[in-house]
Amino acid sequence: MRFDEILTNDDLLDALYDMHFDECTPIQELAIPPVLEGRDLLAVAQTGTGKTAAYLLPVIERLVNDNYPQENVNCVVMAPTRELAQQIDRQMQGFSYFMPVSSMAIYGGTDGHTYEQQRKGLKMGADVVIATPGRLLAHLSMGYVDLSKVSFFILDEADRMLDMGFIDDIMQIIGHLPKERQTLLFSATMPPKIQQLADRILNNPAEVKIAVSKPAEKIKQGAYVCYETQKLPILERMFKENPPQRVIIFSSSKLKVKELARSLRRLNIKVAEMHSDLEQTAREEVMLKFKAGRVNVVVATDIISRGIDIDNIETVINYDVPHEAEDYVHRIGRTARADKEGSAFTFISEKERSRFRDIERLLEKEVEKLPVPDDLGETPDYGNIGKGGRGRKGNGGHASRRGGKPADADKKDPRNRGRRGKGHRRGSGKGHAGRTEGNMNNAGGKTAEKPA
């Protein structure tokens with residue numbers, strides 16, 4: 001289905017045309033109509049399916065077509081991490097480029113100047129506030145944020161927010177909202193706790209469930225069954241035989257991320273680390289360097305496993321097996337996008353074997369077990385690949401450097417798209433307030449600026 005078959009606002013369609021978004025993804029085709037009808041929505045779809053556009057596009061159209069008051073906070077979008085909040089805000093900028101709709105990203109890890117910009121913007125009002133729970137609660141506690149006129153409340157990656165312990169924060173925020181509102185809940189998985197939350201906050205919702213897809217067929221998957229002490233030598237052997245270009249390594253804790261990054265630096269590999277101890281400016285710098293090719297390897301916790309826009313990843317390595325099987329799909333989904341090829345390798349210690357069997361049950365297939373080099377010694381038994389046994393000599397398993405840009409509408413950065421014969425930006429209502437630097441104070445202003 002084409003966007004012009006379900007959306008009617010010409011300015012919104014112009015922005016989509018300039019961004020080369022023509023066809024809806026399945027989640028967009030199924031979710032946009034009930035949102036336009038004003039219904040609550042429970043949507044289950046994994047990251048990378050275009051869910052951000054599935055809720056932003058109908059909300060933007062309704063904000064403009066129905067003339068919602070510009071001085072109010074009309075929509076609140078909750079996101080689990082500051083990186084995702086920033087990414088949603090960038091999408092918002094592109095979709096509303098020709099329209100008098102303002103937005104603002106609210107998240108922690110910033111300096112006092114940015115906090116003050118956020119405070120001023122919230123007091124002046126913005127159509128769409130995109131926030132992490134903790135930082136929004138901090139502003140609410142100061143008494144200058146009015147959410148009593150909110151018409152749309154959206155939870156993005158609700159399952160991850162609950163996993164991160166945000167349920168109490170979310171319920172506190174809901175306490176500041178009017179009972180008469182439209183609530184949209186998006187989740188990558190549907191565990192019982194999400195169903196329970198949906199029953200609490202949704203009113204007769206429409207339900208859209210896109211089956212959790214298996215990893216792209218073009219991802220070459222392999223696993224090493226090894227002892228914990230063998231993981232680093234295997235990784236070093238892989239990188240020695242095939243120097244890394246664009247690789248993400250996921251580890252289970254901040255401490256292990258830091259230790260692994262130090263070990264790789266000793267090999268003269270251009271490596272950076274990503275975890276919650278880093279300040280926001282440091283995180284942004286890491287991602288910029290990685291995207292520019294000045295960093296070849298990022299070692300990270302699950303902070304970047306979902307919903308983050310990183311192009312052309314050649315290989316994903318699970319240094320530790322993720323605790324949830326669905327997280328494996330999200331992690332390795334960073335590679336082999338846009339019908340490109342990529343590789344995913346997992347190191348399975350003796351304590352992680354049962355978790356990896358859960359992953360194989362979700363995948364409905366066995367992941368190839370790769371041989372550990374003989375000189376690294378005996379390896380644990382996986383149960384179906386032989387008894388203990390010494391690893392055979394292998395090639396280290398490091399794979400292709402092919403990658404690709406995301407093809408779905410949820411992942412494209414609109415700021416670099418061409419304009420379709422526009423001499424100026426149409427709809428000069430409120431200025432866009434979503435940037436954390438430079439123009440946050442325009443959150444209630446009367447001029448509109450092209451996103452920088």
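This is a predicted model: local features need pLDDT of at least 70, side-chain atom pairs count only at pLDDT 80 or more; totals for chains, interfaces and linings use all residues.
The protein has 14 helices and 14 strands, and 59% of its 452 residues are buried.

**Overall picture**
- Take the contacts between residues at least 6 apart in sequence: 78% of them join residues at least 24 apart.

**Around Ala15**
- Ala15 sits in helix α1, which covers residues 10–18.
- With a relative accessible area of 2%, Ala15 falls under the 20% cut-off, so it counts as buried.
- Setting aside neighbours within four places in sequence, Ala15 touches Gly94, Phe95 and Phe98.
- Tyr97 is 82 residues away from Ala15 along the chain, yet their C-alpha atoms are separated by 6.4 Å.

**Salt bridges**
- The count of salt bridges comes to 23.
- One of them pairs Arg283 with Glu83, at 2.8 Å from N to O. Arg283 belongs to helix α12 (residues 280–292) and Glu83 to helix α4 (residues 82–95), so this pair ties together parts that are 200 residues apart in sequence. Both Arg283 and Glu83 are buried.
- Arg119 and Glu116 make a salt bridge too, and their closest N and O atoms are 2.4 Å apart. The two residues are separated by about one helical turn because they are three residues apart in helix α5 (residues 112–124). Glu116 is partly exposed, at 29% relative accessible area.
- Arg237 and Asp375 also meet through their side chains, again as a salt bridge, at 2.8 Å from N to O. Arg237 is in helix α10 (residues 231–241) and Asp375 is in the segment after β14 (368–369), so the bridge ties together parts that are 138 residues apart in sequence.
- As for accessibility in that pair, Arg237 is partly exposed at 24%, while Asp375 is exposed at 57%.
- Salt bridges with shared partners also link Glu228, Lys231, Lys256, Asp320, Glu352 and Arg355 into one network.

- Asp22 has 35% relative accessibility, so it counts as partly exposed.

Definitions and conventions: Residues are numbered from 1 along each chain as its sequence is written. Side-chain values use heavy atoms; hydrogens and water are left out. Helices (H or I, at least four residues) and strands (E, at least two) are DSSP runs, numbered from the N terminus. Buried means under 20% relative accessible area, exposed over 50%, partly exposed in between (1.4 Å probe, protein chains only). Contact means heavy atoms within 4.5 Å. A salt bridge is a side-chain nitrogen of Lys or Arg within 4 Å of a carboxyl oxygen of Asp or Glu.
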